[in-house]
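The stops below go from the whole chain to single residues.

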Amino acid sequence: MSREFKWEYIKRQLKFSRGFSSILLAALIVARSFRIIESTRLTVFFAITVIVAQFMDEIFYFYAVRNMFNGKTYKIRCLLFFVMYAIGGLFGKLTMPLVVLFLAYGILMTCEDLIMDDLFDTYKGYTFTIIYIILLGFGMIFPYMKKGIETADIVIYILMILGIGMSVILTRRISIIVATAWNEKYNDAYFKSLDVKKENEKLIELQERIADVNNAINYQKVQLSETNLALEKKNTEIRSLMDVMMDYTASFDVIKDMKSLIHAMKEVKSASLVAFYVEKGECFNDEPLFEYESNENYAPNSIRKDTIEAFNIFMKTQSKEPLVIAENYTHSRSIFERKGCCITAFPAYENERLYGVLIVAGDKYDFFYSGFDYYRSAVIDFTASLISDRLYLTMEDMAKRDGLTKIYNRIHFNHFYDEMLANIIKNGGTISVLMADIDHFKRVNDTYGHLAGDEAIKALAKLDEAIGKKYGCQAVRFGGEEFLLIMNGKSLDEAYAIAEELHKNIRENVIEFEGKEIRINTSIGVANYPETVQDLQKVLDRADKAMYYGKTHGRGRIVVDGRWDPEDMK
């Protein structure tokens, strides 16, 4: 029989044996209490007999728990019980109910031993069965035997042994049949449970595989989601750069381009500070250009100062790599201290020449986690825009300027002068116009040649432009050897002082041409609105007339409109 059934049978048999032993002990105690058994010693002896038998049963179970199924332990238990029972018959007799109980207990133990023999595949069961029956018979017959054994007693003894033997054999056969049926049923159930267990294990394995697949799918979903977010972010950045580039192509204004780039970058990257610095002279700018957007943590003066310091660092190192100023509040430089979690400076190069710097700061940890590509691309795009703006402004400036003298020409003058007058009419103000003409210019050409005349014109233009830059005025070559100085917002006295300075500079200037020194003089006319002219549209004409009056009255003079007498002009 299967090991599993043996184990199950032993557990059930132990429970039954404990119950039967408890009944026997209780019956002995009750019998003695009611004096059914007269001898206390006899009661104790039979109680010990039951306890010893049960103790041996417990020992057998102890070994069985450790997978040590030993049938000898069970036989020792049976022999001890029957020997002690037989000895007890010599000392006294039990009442019939107790005899029946002990008889049933003995028959049960005999049948259990026979069953165990079969279960443990031994063939000694019948020999021990005969011994058990004899001992059991002696235990039953001894109390009733007289001093002399009669024939009837022998017959009774033999019949009792035969009866007990038949009962034992019958009980054994029934037990074996029942045990075999139980074993087959148990084995069927056991193997079915094994099949179910294997199926469950397969299902569990399948569930684990499905769980692994689901985990892989979920991980891929997370990765796909992160990739989609990264792509969406990248598309947003690309769209922002494209929008900025469209602004570049439409503006041709460096300041506007800087503001557009800074605003887009601050919005897309949620930056706390974006600043851009461009050196002077990069795109017709006489002063450095600086624009920024920031939150309230940054002071404007400090931003400009620190940005210029970052530009100077790049000038010294000539590095083209981003300069990490602060990373998660850890500053590597002494600029922008205590202002920003992450701050990085990006150099702006045109070919190999550094022309500016971009500063970007963020308040979040790992602000530049995605890298610097976006900011580098933004700087490259701005550089391309700067070159385009410079080319456009150069061409536009060339159209505005005189080809010989490089100062503004008459075409540009007509454009800005009309706008200037319109603004004065709308908002009020004053304007002075100075017109200068080279005296005896034909003599210069005839004496030194037309190239010398060109040098004289360029010399006057240079002096006119220098005075204009000094006092914030517009110098213009009006035509031929005639030049203008438009002094918006200047009073007549201021204009006259400027005219005197210009006139003096012209007289003292020496033109060197082919080893010769040439000196020129000019006649200058000055008019002012509203001090000398009440009609704004006639200021230019009145300056021309004043200049002409000077040329016809001795030349080399400054004439103020309406003051023809030299005494009036002092």
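Start by colouring the chain by pLDDT, the predictor's confidence in each residue, from 0 to 100. The average over the chain is 80, and 73% of the residues score at least 70. This is a predicted model, so local features need pLDDT of at least 70 and side-chain atom pairs count only at pLDDT 80 or more, while totals for chains, interfaces and linings use all residues. Residues are numbered from 1 along each chain as its sequence is written, and side-chain values use heavy atoms, with hydrogens and water left out.

Select residues 119-123. Their pLDDT stays under 50, and the model gives them nine contacts (heavy atoms within 4.5 Å) beyond four places in sequence. Then select residues 566-570, where pLDDT is also below 50 and the model has nine contacts beyond near neighbours in sequence. Where pLDDT is low, the predicted coordinates should not be read in detail.

Now switch to a cartoon of the whole chain. There are 14 helices and 13 strands; helices (H or I, at least four residues) and strands (E, at least two) are DSSP runs, numbered from the N terminus. Of the 570 residues in the chain, 42% are buried, where buried means under 20% relative accessible area, exposed over 50%, and partly exposed in between (1.4 Å probe, protein chains only). Among contacts between residues at least 6 apart in sequence, 66% join residues at least 24 apart.

Next, select helix H11 (residues 441-448) and helix H12 (residues 450-471). At what angle do the axes of H11 and H12 cross? They cross at roughly 135° and come within 6 Å. Axes here are lines fitted to C-alpha atoms, for helices over the stretch in contact, and angles run from 0 to 180 degrees between N-to-C directions. H11 is therefore oblique to H12; angles under 35 degrees count as roughly parallel, over 145 as roughly antiparallel, 65 to 115 as roughly perpendicular and the rest as oblique. Show side chains for Phe441, Val444, Asn445 and Tyr448 of H11, and for His450, Ala452, Gly453, Ala456 and Ile457 of H12, which make the contact.

Go to Thr307 in helix H8 (residues 300-317). Is Thr307 buried or exposed? Thr307 counts as buried because its relative accessibility is 0%. Beyond its neighbours within four places in sequence, Thr307 is in contact with Ala275, Tyr277, Phe290, Phe336, Val357 and Ile359.

Two backbone stops follow. Asn328, in the loop between strand S3 (323-327) and strand S4 (330-331), is not a glycine but has a positive phi of about 50°. Asp366, in the loop between strand S6 (353-362) and helix H9 (373-400), is likewise not a glycine and has a positive phi of about 50°. Asp366 is partly exposed, at 45% relative accessible area.

Move on to Pro530, in the loop between strand S12 (522-529) and helix H14 (539-552). Tyr529 and Pro530 are joined by a cis peptide bond, with omega about 10°.

Finish at Val539 in helix H14. Val539 has a relative accessible area of 0% and is buried. Leaving aside neighbours within four places in sequence, its contacts are Tyr417, Ile431, Val433, Ala527, Tyr529 and Val533.
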